[in-house]
Amino acid sequence: MSVVKWEKKDRTAVVWMDNGANTQNLVFAQELNRCLDEAIADEEVTAIILTSTDPKSFSQGVDVQWMGGAFADGKLDDIKGFMYGMNDVFTKLLTLPVPTIAAINGHAFGNGAILSCACDFRFMRADRGYFCFPEVDLGIPFLPGMLAFVKKAFAFDHFNDLYLTGRRAGAPELAERKMLVKASENPETLMEDALAFAATFAKKRGIFKIHKARNHKQILDIMEAEDKEVIESLALFVTD
């Protein structure tokens, strides 16, 4: 079974997370990076959609079982590799010279919700699925870079609410608060809407690259300057 795969529909690359709940571990980070690299290497591609093959989940965040096992077995380099690998994914989504669009087709929890926020635009199905930052209840602080780029997807008061309460939000609420381009009726219309939106982009890569790099410079600077210290220390949990 694949973990991540991609296909081209006209001039849009659709990257499919393809592992059930799409919990994130080292292999997931490696495969998502590979697919993004392959998709953007196709010079005909003018947009990238990130979505899931699972009917219930976009991504339910970090693979806690894998991470717990890696800690127990002393495989700390694997954990660091995963963290750096996901930061590579986030950086790609923030800087790729084409629009990146999350088509959230089900639950987006934790690192799954964060992943969608690294994209330039978001659509979400309205009939099923929740968006949630449960880290406040799990004792897992956002990396500084995560905090910086997630904020770009929200009005501050709405982000502050979800970030500090850990409550679940559905697509209608997220659309009303302008976090989504659209709350689509169901999974079929979700992909139709995302593909139709992607097709409106035929921008030259050069200008898109400059626009995104300059727009996200402060975020990228924070990721470069502050995330490494946290990852190297593996200070990933707060217990008190």
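1. Because six of the six residues of E2 (residues 12-17) are buried, the strand is largely enclosed by the rest of the structure. Strands (E, at least two residues) and helices (H or I, at least four) are DSSP runs numbered from the N terminus.

2. This is a predicted model, in which local features need pLDDT of at least 70 and side-chain atom pairs count only at pLDDT 80 or more, while totals for chains, interfaces and linings use all residues. Residues are numbered from 1 along each chain as its sequence is written, and side-chain values use heavy atoms, with hydrogens and water left out.

3. With strand E1 (residues 4-9), E2 pairs in the antiparallel sense over six bridges; Lys-8 stands opposite Ala-13. With strand E3 (residues 47-52), E2 runs parallel, again joined by six bridges, and Ile-49 in E3 is the bridge partner of Val-14.

4. E1 and E2 form a hairpin with two residues between them. Asp-10, in the loop between these strands, has a phi near 55 degrees, a positive value in a residue other than glycine. Asp-10 is exposed, with a relative accessible area of 74%.

5. A positive phi of about 55 degrees is also found at Leu-234, which is not a glycine. Leu-234 lies in the segment after H11 and, at 14% relative accessibility, counts as buried.

6. An open sheet of three strands has the order E4-E6-E8, with parallel pairing. Its edge strands, E4 (57-59) and E8 (131-132), each pair on one side only. Two bridges join E4 to E6 (residues 107-109), and Ser-57 stands opposite His-107 in E6. Helix H4 (residues 111-118) packs on this sheet, touching E4, E6 and E8 (contact means heavy atoms within 4.5 Å). The direction of H4 makes about 95 degrees with that of E6; axes are lines fitted to C-alpha atoms, for helices over the stretch in contact, and angles run from 0 to 180 degrees between N-to-C directions.

7. Phe-237 is found in the segment after helix H11 (217-233). At 43% relative accessibility, Phe-237 counts as partly exposed.

How values were computed: Buried < 20%, exposed > 50% of the residue type's maximum accessible area, 1.4 Å probe, protein only. Pairing = 2+ DSSP bridges.
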